[in-house]
Amino acid sequence: MKTIGILGGMGPLATADLLKKIITLTDANGDNEHIPVIVDNNTQIPDRTEYIINSGKDPTDYLIRSALRLEMMGADVIVMPCNTAHYFYDEIVKYIKIPFINMIEETAKETKKLYPKVKKVALLATEGTNKSKIYDKVFSRYDLEIIKPDDCEQKYVTELIYSIKAGKYNIELKNFKNVLYKFKNNNIDVFILGCTELPVAFEMFRIDEICIDPTKILACSAIKYVGKKVKEKI
């Protein structure tokens, strides 16, 4: 059976969330029917947003080394549960010989499939993801327009993301929910959870909206890639 390699650590909880989703979404009747997974929980990778918007430390070499480690350890395919890190995707693939599933591409395909009549979707993500326009570039190929919070609203999205990263769960969500309400009042009610901490937060705080979960989509894509079936119902 083929092995999935997870290029993780950005952050650790998001990495664990992807692994859990691979396990729970795999159609398996016992241990031996599950997919072998290698996880490089590389917590030393510099902050991607800091590099993109504030000229912080470049994470590229760290990401490449993690990808190479996974390849040398026997991974047949790599997945990376960090949206912002996909800014470096094209550089990473130059150094590896195994496939690397692009989470943002897979998310665009699935969004178009699930909501064929939708033309605009709201992106909730880090400042780095927003500034880099990695979602805009991919989604435009699927005739989907990305709508983002303004600078004032973005700080509430950022606050939630980094609170989850820091393990702080006593969070006041009023301002964040107001961001969601503003989108809905403008007839944009499909939300891309474009940071891998956000699916964790939405589940934790039971935020009930029409959401696209890139982590779940990535898990399903990885399962199918290695030749296993995705459970129809959990």
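This is a predicted model: local features need pLDDT of at least 70, side-chain atom pairs count only at pLDDT 80 or more; totals for chains, interfaces and linings use all residues.

Reader: What span should helix α11 have, and how far apart are its end C-alpha atoms?

Author: Helices are DSSP runs (H or I, at least four residues), numbered from the N terminus. The expected span is 1.5 Å times one less than the number of residues. Helix α11 covers residues 214-225, so its twelve residues should span 16 Å, and its end C-alpha atoms agree at 16 Å apart.

Reader: What is found at the start of α11, and which residue just after α11 takes a positive phi?

Author: At the start, a side-chain oxygen of Asp 213 comes to within 2.9 Å of the backbone nitrogen of Thr 215. Just after the helix, Gly 227 has a positive phi of about 90°.

Reader: How many of the residues of α11 are buried?

Author: Buried means under 20% relative accessible area, exposed over 50%, and partly exposed in between (1.4 Å probe, protein chains only). In α11, nine of the twelve residues are buried, among them Ile 217 and Ser 221.

Reader: What does Ser 221 touch?

Author: Contact means heavy atoms within 4.5 Å. Leaving aside neighbours within four places in sequence, Ser 221 contacts Ile 101 and Glu 106. A polar contact is a pair of N or O atoms within 3.5 Å; within protein, one must be able to donate a hydrogen and the other to accept it, and residues adjacent in sequence count only if both atoms are side-chain atoms. The side chains of Ser 221 and Glu 106 make such a contact at 2.8 Å. Ser 221 has a relative accessible area of 14%.

Reader: Where do the domains lie in the chain?

Author: Domain bounds come from an automatic or database domain assignment. That assignment gives domain 1 (4-102 + 216-226) and domain 2 (104-213). The contact takes 22 residues from domain 1 and 26 residues from domain 2.

Reader: How many salt bridges are counted between domain 1 and domain 2?

Author: A salt bridge is a side-chain nitrogen of Lys or Arg within 4 Å of a carboxyl oxygen of Asp or Glu. The count between the two domains is one. Lys 21 forms a salt bridge with Asp 213, with the closest N and O atoms 2.6 Å apart.

Terms used: Residues are numbered from 1 along each chain as its sequence is written. Side-chain values use heavy atoms; hydrogens and water are left out. Helices (H or I, at least four residues) and strands (E, at least two) are DSSP runs, numbered from the N terminus.
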